[in-house]
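Thank you for sending this model; my comments are set out below as numbered points. Please read them with the structure open beside you.

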Amino acid sequence: MKFPFKILFFLFVFCGPLCAEVDVEYLLKTKGLSIGKMYWTVDTDNGVYSSLIKLKSTGFFSNLYKFTGRYKSSGIIKNKSFSSLKYSQEWNTSKKNKIVNIEFKDSKIKQLKLSPEETEFPRLDFLNLEGYKDPITSFLTILYYGKESYTIDGRRTYLLSIKKKADFLEITTKNYNNIWADHKRNDLSYINVYTENEDIFPTKIEINFKGSLFVLKKI
(Lines give C-alpha, C1' and ligand atoms only; values in the text may rest on other atoms or scores of the structure.)
Protein backbone atom coordinates (compact mmCIF):
# COMPACT_ATOMS: atom_id res chain seq x y z
CA MET A 1 0.00 0.00 0.00
CA LYS A 2 1.40 3.37 -0.99
CA PHE A 3 -0.19 6.38 0.65
CA PRO A 4 -0.43 9.22 -1.93
CA PHE A 5 0.61 12.29 0.05
CA LYS A 6 -0.51 14.60 -2.74
CA ILE A 7 -4.13 14.13 -1.76
CA LEU A 8 -3.42 15.89 1.52
CA PHE A 9 -3.04 19.18 -0.30
CA PHE A 10 -6.77 19.01 -0.98
CA LEU A 11 -7.92 18.15 2.53
CA PHE A 12 -6.98 20.92 4.81
CA VAL A 13 -9.38 23.75 5.36
CA PHE A 14 -13.14 23.22 5.38
CA CYS A 15 -14.27 25.81 7.94
CA GLY A 16 -17.55 27.61 8.53
CA PRO A 17 -18.04 30.97 10.27
CA LEU A 18 -14.88 32.84 11.24
CA CYS A 19 -13.74 31.93 14.71
CA ALA A 20 -10.85 32.61 17.07
CA GLU A 21 -9.39 29.11 17.34
CA VAL A 22 -10.71 25.61 16.64
CA ASP A 23 -9.12 22.19 16.43
CA VAL A 24 -10.22 18.66 15.62
CA GLU A 25 -8.92 15.13 15.08
CA TYR A 26 -9.65 12.75 12.19
CA LEU A 27 -9.14 9.03 11.62
CA LEU A 28 -7.73 8.17 8.18
CA LYS A 29 -8.89 4.97 6.46
CA THR A 30 -8.53 3.30 3.09
CA LYS A 31 -10.02 -0.01 1.92
CA GLY A 32 -11.52 -0.35 5.40
CA LEU A 33 -8.13 -0.18 7.12
CA SER A 34 -7.11 2.51 9.62
CA ILE A 35 -3.73 3.89 8.55
CA GLY A 36 -3.35 7.19 10.39
CA LYS A 37 -4.71 10.26 12.14
CA MET A 38 -4.89 13.93 11.19
CA TYR A 39 -4.85 16.83 13.67
CA TRP A 40 -6.02 20.19 12.38
CA THR A 41 -6.05 23.66 13.98
CA VAL A 42 -7.38 26.90 12.49
CA ASP A 43 -6.82 30.28 14.16
CA THR A 44 -8.29 33.59 12.94
CA ASP A 45 -7.96 36.86 14.81
CA ASN A 46 -7.64 40.59 14.02
CA GLY A 47 -7.40 40.23 10.27
CA VAL A 48 -4.84 37.41 10.21
CA TYR A 49 -5.16 33.64 10.04
CA SER A 50 -3.06 30.50 10.44
CA SER A 51 -3.79 26.81 9.97
CA LEU A 52 -1.69 23.84 11.08
CA ILE A 53 -2.16 20.22 9.97
CA LYS A 54 -0.33 17.28 11.51
CA LEU A 55 -0.56 13.81 10.02
CA LYS A 56 0.83 10.59 11.47
CA SER A 57 0.59 6.88 10.70
CA THR A 58 -1.05 4.87 13.49
CA GLY A 59 -2.42 1.42 14.18
CA PHE A 60 -1.47 -2.10 13.15
CA PHE A 61 0.04 -1.08 9.79
CA SER A 62 2.10 1.85 11.09
CA ASN A 63 5.28 -0.26 11.29
CA LEU A 64 4.94 -1.16 7.62
CA TYR A 65 3.76 2.18 6.26
CA LYS A 66 5.23 4.95 8.38
CA PHE A 67 4.53 8.56 7.48
CA THR A 68 4.35 11.94 9.14
CA GLY A 69 3.28 15.24 7.69
CA ARG A 70 3.17 18.85 8.82
CA TYR A 71 1.43 21.56 6.80
CA LYS A 72 1.16 25.21 7.80
CA SER A 73 -0.34 28.28 6.19
CA SER A 74 -0.63 31.88 7.33
CA GLY A 75 -1.76 35.16 5.84
CA ILE A 76 -4.12 38.11 6.08
CA ILE A 77 -7.90 38.57 5.81
CA LYS A 78 -8.98 41.77 4.09
CA ASN A 79 -12.02 42.87 2.06
CA LYS A 80 -13.65 39.44 2.39
CA SER A 81 -10.60 37.70 0.98
CA PHE A 82 -7.83 35.46 2.28
CA SER A 83 -4.32 36.21 1.01
CA SER A 84 -1.36 33.87 1.48
CA LEU A 85 1.86 35.04 3.09
CA LYS A 86 3.62 31.79 4.00
CA TYR A 87 3.09 28.11 3.32
CA SER A 88 5.20 25.15 4.41
CA GLN A 89 4.93 21.40 3.95
CA GLU A 90 7.02 18.59 5.44
CA TRP A 91 6.41 14.98 4.43
CA ASN A 92 8.42 12.05 5.78
CA THR A 93 8.35 8.30 5.14
CA SER A 94 10.95 5.56 5.54
CA LYS A 95 12.02 6.17 1.94
CA LYS A 96 11.67 9.91 1.37
CA ASN A 97 11.69 13.32 3.05
CA LYS A 98 10.23 16.27 1.19
CA ILE A 99 9.95 19.93 2.17
CA VAL A 100 8.14 22.78 0.41
CA ASN A 101 8.32 26.44 1.43
CA ILE A 102 6.49 29.23 -0.40
CA GLU A 103 6.48 32.93 0.42
CA PHE A 104 3.97 35.36 -1.07
CA LYS A 105 3.91 39.13 -1.40
CA ASP A 106 1.17 41.28 -2.91
CA SER A 107 -0.67 38.18 -4.23
CA LYS A 108 2.43 36.97 -6.09
CA ILE A 109 4.94 34.20 -5.37
CA LYS A 110 8.02 35.82 -3.86
CA GLN A 111 10.02 32.65 -3.25
CA LEU A 112 9.62 28.88 -3.70
CA LYS A 113 12.06 26.39 -2.16
CA LEU A 114 12.01 22.60 -2.45
CA SER A 115 14.05 19.99 -0.64
CA PRO A 116 15.40 17.85 -2.24
CA GLU A 117 16.11 20.58 -4.75
CA GLU A 118 14.37 20.13 -8.08
CA THR A 119 16.76 19.22 -10.92
CA GLU A 120 14.27 19.87 -13.73
CA PHE A 121 13.71 23.34 -15.15
CA PRO A 122 10.28 24.90 -14.49
CA ARG A 123 7.74 24.50 -17.29
CA LEU A 124 6.02 27.75 -16.33
CA ASP A 125 7.17 31.07 -14.91
CA PHE A 126 5.56 30.72 -11.48
CA LEU A 127 7.17 33.91 -10.13
CA ASN A 128 5.02 35.93 -12.52
CA LEU A 129 1.77 34.25 -11.52
CA GLU A 130 -0.65 36.63 -9.82
CA GLY A 131 -3.61 35.91 -7.57
CA TYR A 132 -2.47 32.40 -6.67
CA LYS A 133 -2.78 31.02 -3.13
CA ASP A 134 -1.50 28.05 -1.21
CA PRO A 135 -3.86 25.03 -0.93
CA ILE A 136 -5.07 25.83 2.58
CA THR A 137 -5.83 29.45 1.76
CA SER A 138 -7.64 28.39 -1.41
CA PHE A 139 -9.98 26.20 0.59
CA LEU A 140 -10.62 29.01 3.03
CA THR A 141 -11.55 31.20 0.08
CA ILE A 142 -13.96 28.58 -1.29
CA LEU A 143 -15.63 27.71 1.99
CA TYR A 144 -15.96 31.21 3.47
CA TYR A 145 -16.76 33.18 0.35
CA GLY A 146 -17.82 30.61 -2.26
CA LYS A 147 -15.16 31.69 -4.74
CA GLU A 148 -13.00 29.56 -7.00
CA SER A 149 -9.31 29.93 -6.24
CA TYR A 150 -6.12 29.57 -8.25
CA THR A 151 -3.66 27.45 -6.30
CA ILE A 152 0.05 26.60 -6.17
CA ASP A 153 1.41 23.84 -3.92
CA GLY A 154 5.08 23.97 -4.94
CA ARG A 155 4.90 21.34 -7.67
CA ARG A 156 1.59 22.01 -9.40
CA THR A 157 -0.83 24.83 -10.21
CA TYR A 158 -4.59 24.40 -10.61
CA LEU A 159 -7.96 26.03 -10.16
CA LEU A 160 -10.06 24.70 -7.28
CA SER A 161 -13.79 24.67 -7.90
CA ILE A 162 -16.87 23.38 -6.06
CA LYS A 163 -20.29 21.91 -6.78
CA LYS A 164 -23.03 21.74 -4.16
CA LYS A 165 -24.74 18.36 -4.09
CA ALA A 166 -27.77 17.23 -2.10
CA ASP A 167 -25.91 16.39 1.10
CA PHE A 168 -22.24 17.15 0.43
CA LEU A 169 -19.82 19.52 -1.29
CA GLU A 170 -17.81 18.22 -4.26
CA ILE A 171 -14.37 19.73 -4.88
CA THR A 172 -12.49 19.24 -8.15
CA THR A 173 -9.48 20.73 -9.93
CA LYS A 174 -9.29 22.48 -13.29
CA ASN A 175 -6.49 24.00 -15.39
CA TYR A 176 -4.03 21.55 -13.85
CA ASN A 177 -0.33 22.09 -14.66
CA ASN A 178 2.83 20.39 -13.41
CA ILE A 179 5.56 22.95 -12.82
CA TRP A 180 8.49 20.53 -13.13
CA ALA A 181 7.28 18.00 -15.72
CA ASP A 182 5.85 17.99 -19.24
CA HIS A 183 2.71 16.03 -18.41
CA LYS A 184 -0.59 17.36 -17.00
CA ARG A 185 -1.68 14.10 -15.37
CA ASN A 186 -4.09 14.67 -12.51
CA ASP A 187 -4.77 11.59 -10.36
CA LEU A 188 -7.36 13.29 -8.14
CA SER A 189 -10.92 12.51 -9.26
CA TYR A 190 -12.87 14.35 -6.55
CA ILE A 191 -13.17 15.24 -2.87
CA ASN A 192 -16.55 15.05 -1.12
CA VAL A 193 -17.04 17.04 2.08
CA TYR A 194 -19.85 16.20 4.53
CA THR A 195 -20.97 18.49 7.37
CA GLU A 196 -23.72 18.38 9.97
CA ASN A 197 -25.73 21.24 11.49
CA GLU A 198 -23.53 24.22 12.35
CA ASP A 199 -20.35 22.23 12.97
CA ILE A 200 -17.42 24.21 11.59
CA PHE A 201 -15.47 21.06 10.74
CA PRO A 202 -16.63 18.35 8.32
CA THR A 203 -17.79 15.11 9.87
CA LYS A 204 -16.36 13.19 6.91
CA ILE A 205 -14.11 13.82 3.89
CA GLU A 206 -13.87 11.38 0.98
CA ILE A 207 -10.96 11.53 -1.48
CA ASN A 208 -10.89 9.54 -4.71
CA PHE A 209 -7.25 9.30 -5.81
CA LYS A 210 -6.04 6.97 -8.56
CA GLY A 211 -9.28 5.05 -8.24
CA SER A 212 -8.80 4.40 -4.51
CA LEU A 213 -11.04 5.93 -1.85
CA PHE A 214 -9.50 7.55 1.24
CA VAL A 215 -11.79 8.61 4.07
CA LEU A 216 -11.17 11.07 6.90
CA LYS A 217 -13.74 10.74 9.67
CA LYS A 218 -13.94 13.08 12.63
CA ILE A 219 -13.28 11.40 15.96
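The points that follow go from the basis of the comments to the fold, the strands, the charged pairs, the backbone and the surface.

1. Basis. This is a predicted model, in which local features are considered only at pLDDT of at least 70 and side-chain atom pairs only at pLDDT 80 or more, whereas totals for chains, interfaces and linings use all residues. Residues are numbered from 1 along each chain as its sequence is written, and side-chain values use heavy atoms, with hydrogens and water left out.

2. Overall fold. The chain has 1 helix and 13 strands, where helices (H or I, at least four residues) and strands (E, at least two) are DSSP runs numbered from the N terminus. Along the sequence the elements follow the pattern β-β-β-β-β-β-β-α-β-β-β-β-β-β. Of the 219 residues, 46% count as buried; here buried means under 20% relative accessible area, exposed means over 50%, and partly exposed lies in between, with a 1.4 Å probe and protein chains only.

3. Strand 12 and its partners. Strand 12 (residues 204-209) is largely enclosed by the rest of the structure, because 5 of its 6 residues are buried. Strand 11 (residues 188-194) runs antiparallel to strand 12 and is joined to it by 6 bridges, two strands being taken as paired if DSSP finds at least two bridges between them. Within this pairing, Ile207 of strand 12 has Ile191 opposite. Strand 12 also pairs with strand 13 (residues 212-218), again in the antiparallel sense and over 6 bridges, and there Lys204 has Lys217 of strand 13 as its bridge partner.

4. Lys204 and Glu206. These two residues form a salt bridge in which the closest N and O atoms are 3.4 Å apart, a salt bridge being a side-chain nitrogen of Lys or Arg within 4 Å of a carboxyl oxygen of Asp or Glu. Lys204 is partly exposed at 26% relative accessible area, whereas Glu206 is buried at 14%. By this rule the count comes to 8 salt bridges.

5. Asp187 and its two partners. Which residues form salt bridges with Asp187? Arg185 is one, with the closest N and O atoms 3.8 Å apart, and Lys210 is another, with a corresponding separation of 4.0 Å. Since Lys210 lies in the loop between strand 12 and strand 13, and Asp187 in the loop between strand 10 (169-178) and strand 11, this second pair ties together parts that are 23 residues apart in sequence. Asp187 counts as buried at 15% relative accessibility, Arg185 as partly exposed at 49%, and Lys210 as exposed at 59%.

6. Backbone details. Where does the backbone of a residue other than glycine take a positive phi? Asp106 has a positive phi of about 55 degrees, and this residue is found in the loop between strand 6 (97-105) and strand 7, where it is exposed at 63% relative accessible area. Lys210 likewise has a positive phi of about 55 degrees; it belongs to the hairpin of strand 12 and strand 13, which has 2 residues between the strands. A further point to check is the peptide bond from Ser115 to Pro116, which is cis with omega near 0 degrees, Pro116 being found in the loop between strand 7 (108-115) and helix 1 (135-145).

7. Surface patches. Patches are made of residues with over 30% relative accessible area and no salt bridge, like charges being joined within 9 Å and nonpolar side chains (Val, Leu, Ile, Met, Phe, Trp, Tyr) within 5 Å. Accessible areas come from the Shrake-Rupley method with a 1.4 Å probe, and for residues only the protein chains shown count as cover. A positive patch is formed by Lys54, Arg70, Lys72, Lys86, Lys105 and Lys110; Lys and Arg count as positive and Asp and Glu as negative, while His and the chain ends are not counted, and a charge is placed at NZ of Lys, CZ of Arg, CG of Asp or CD of Glu. A nonpolar patch of about 220 Å² is made by Val48, Ile76 and Leu85.
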